[in-house]
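Thanks for coming, everyone. Please have a look at the structure on the screen, and then I'll walk you through it.

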Amino acid sequence: MNFTGNISRFAVSGVAIFALGLALGGARAQDTAKEETHGIAVANIDRSVKPGDNFYLYANGEWIKRTEIPPDRARIGVFSKLDEVSSKRTAGLIEEAAKANAAPGSGSRKIADLYNSYMDEAGIEAKGLTPLKPHLDAIAAIHDKRELAHALGESLRADVDALNNTNFHTPNLFGLWVAPGFNDSEHYTAYLLEGGLELPDREYYLANSEGMKKIRSEYETHVSRMLKLAGYPDTDARAKQIVALEQAIAEKHLSLAENEDIHTANNTWSPADFGVKAPGLDWAEYFRGAGLNKQASFIVWQPSAFVEESALVASVPVETWKDWLAYHEIEAGAGVLPSALADERFAFFGKALTGAPQQRPRWQRGVGVVNGLLGDEVGRIYAQRYFPPEAKARAEAMVTNLIAAFRKRIDALAWMDPRTKAEAQAKLTTLYVGVGYPETWQDYSGYEVKADDIFGNVWRGRMFAYQKDVARLGKPVDRHEWTMTPQTVNAVNLPLYNALSFPAAILQPPFFDPQASDAANYGAIGSVIGHEISHTFDTEGSAFDSKGKVRNWWTDADLKHFEAATAELAAQYDTYKPFPDLSVNGKQTLAESIADVAGISAAFDGYHAALGGKTAPPQDGFSGDQQFFIAFGQNWGSKERAAALRQQVMTDPHAPAEYRADTVRNIDGWYDAFSVKPGEKLYLAAPDRVRIW
Ligand SMILES: [Zn+2]
């Protein structure tokens, strides 16, 4: 699980595969004249709000009042601010690479050529639809269901990730995820996930609210326009069929909450099983098209969706599937096709779906493309330049303290069986925490980048990533592998590796500042680190042992207590209503909400351990404990457009930022720090505060 979700696929890049971090939350941006200060952002605090009534507004209210969402953004906060810092730095590195006139084939040359080919708008306009044409011609040449199956197989990409970056969305019929096996954690295994929808989630097709109906009708118009721009006739009729097909697929998809349950996901199928269990699609041809015809077994994440999607391939006419394929092909390339298509794509997926009135500047999108396709090539230079050994050492010391805090908390749990505790401690012993950057880097020598061919560069880049993953199948797992680049403002827990990564770009002020007090650092980044460590033990982590193997290492009694305690937390989040017609889904966000409570609890312990009994120095009249909680609350200050918030509530496993900040109401230390009294809105009597770890 990553820390801030990935709902931004559509908002920013125009190249859907790059899950760029138009991330959530965070207002402790040093956006005022106070650039020089370290510690909590006192100017952001709204003293007219009682901390016990609305802690989120108390910590961030003044910042919220004076901040406008830029027109090219769906939301703004610390994450997007740091994202901008990281983008600018990355752009600088790219510019250097461009000036260096490096040798053809070198990493620097690839960075330069990829970026320049994206920036060459005149070249893109001049080529028109030429780069797309061979792909559409190939689809037009499909005669029957057998050739269709082959083409569907050819469209398979490594564009989903069920457990690390929790991305369950692919517009292709299915998606491939290559990771350590549920049943053989020592080797890379092929997981197949449901797909086929362009809209972000099944709910967009099924929900009956007026807002959703409006989006669906706008979507159909958009599909028609895209087909027309690509030169198709009768586009209204085709669009109707395409949307109806996606609607039928959506009805068979699992909900996000169901997708997060790994116990229903561990289904091993041999190639022969597909034809028997999920008849309809010509599976042998599909796997040939995908280059997976030698693969002996797969883990099928959502068997019911595979059954139904395969049946749809049989029952829906080949002409409709060809239109669906063509439309998806156009959409996949639209971000790097002439502006008529790119703009129409943004008008729907950016403006209508997230509410952002403007696209981000082209250079920022270009940085996104380079990060998406050559992420480690840039990351290697980024880490060298922007993450000095001293910062790495201090962050690693915090990690050590947090792990020690968890060891104590586990020992002190009254409800947990001693055998369960022993395995939890073993997980802490084998836990690999990557700080800043990976130990080894991706090799891009097999990826061909041309200076004047952005469409081909993107196409080949996705194919290169796919083939690299396919080539790893069956090979031994590298437990120190990273799934995020150092320039990503996020953090991640990799349950099948029993590993965490904290990229250099999140280990920056205001999250982490080597010159700030322990109170601010532990409240801000300490709670993030604690959040990620706790995933090792949560609803996900309890299913994986110290070697990353799928094994339930809990007793039934442990599980019962855990489920009761976590149900209370889900119920607490169910009461939050960001819209009159839409509540937070406590179950969908449960794993992340548990991690937030655990993270701040352990960070609070780690902070007190770091103090070693001394009184913390006050800042602007705030005690150490107050600074700690304010720093935590200020992680979450953010403003978002209503459409983006709605999308998040429906599709993201993380609750909206406001409620993540307010989870301090579960921590005893917060009541003491701010003298929170009964009657105040966030007040919970001691027995109602949810304690899990
Ligand atoms: Zn998380």
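In helix 25, the buried residues are A644, L645, Q647, Q648, V649, M650 and T651. Buried here means under 20% relative accessible area, exposed means over 50%, and partly exposed is in between, with a 1.4 Å probe and protein chains only. Helices (H or I, at least four residues) and strands (E, at least two) are DSSP runs, numbered from the N terminus.

Some ground rules. This is a predicted model, where local features need pLDDT of at least 70, side-chain atom pairs count only at pLDDT 80 or more, and totals for chains, interfaces and linings use all residues. Residues are numbered from 1 along each chain as its sequence is written, and side-chain values use heavy atoms, with hydrogens and water left out.

Now, confidence. pLDDT is the predictor's confidence in each residue, from 0 to 100. The protein chain has a mean pLDDT of 91, with 95% of its residues at 70 or more. Residues 5-35 stay under 50, and the model has 123 contacts beyond four places in sequence for them. A contact means heavy atoms within 4.5 Å. Where pLDDT is low, the predicted coordinates should not be read in detail.

H531 is buried, because its relative accessibility is 0%. H535 counts as buried too, at 1%.

Two strands pair if DSSP finds at least two bridges between them. Strand 2 (residues 174-180) runs antiparallel to strand 3, joined by 7 bridges. Across that pairing, P180 stands opposite Y188 of strand 3. Strand 3 also pairs with strand 5 (residues 298-300), in the parallel sense, over 2 bridges. There, Y191 has I299 as its bridge partner. Strand 5 pairs with strand 4 in the antiparallel sense, again over 2 bridges. I299 in strand 5 is the bridge partner of T268. How many residues of strand 3 (residues 188-194) are buried? The count is 7 of 7.

Now the rings. The structure holds 50 aromatic pairs. One of them is F348 with F349, edge-to-face, at 5.0 Å centre to centre and 85° between the planes. Rings of Phe, Tyr and Trp (its six-membered ring) pair if their centres lie within 6.5 Å; planes under 30 degrees apart count as stacked, over 60 as edge-to-face and the rest as tilted. Both F348 and F349 are buried. F628 and F629 are also edge-to-face, because their ring centres lie 5.1 Å apart and their planes meet at 90°. F628 is buried, at 0% relative accessibility.

Ring pairs link F174, W269, F274, W283, Y286, F287, F298 and F306. Helix 13 (residues 283-290) has 6 of its 8 residues buried, so the rest of the structure largely encloses it. W283, Y286 and F287 are among those buried residues. Just after helix 13, G291 takes a positive phi of about 70°.

Charges over rings come next. The charged end of R472 sits over the ring of Y188, 4.2 Å from its centre. R646 lies over the face of F579, 4.5 Å from the ring centre. The test is NZ of Lys or CZ of Arg within 6 Å of the ring centre and within 35 degrees of the ring normal.

Last, some backbone exceptions. Most residues other than glycine have a negative phi, and most peptide bonds are trans. P509 and P510 are joined by a cis peptide bond, with omega about 5°. D620 is not a glycine, yet its phi is positive, about 45°. Is D620 buried or exposed? Exposed, because D620 has 54% relative accessibility.
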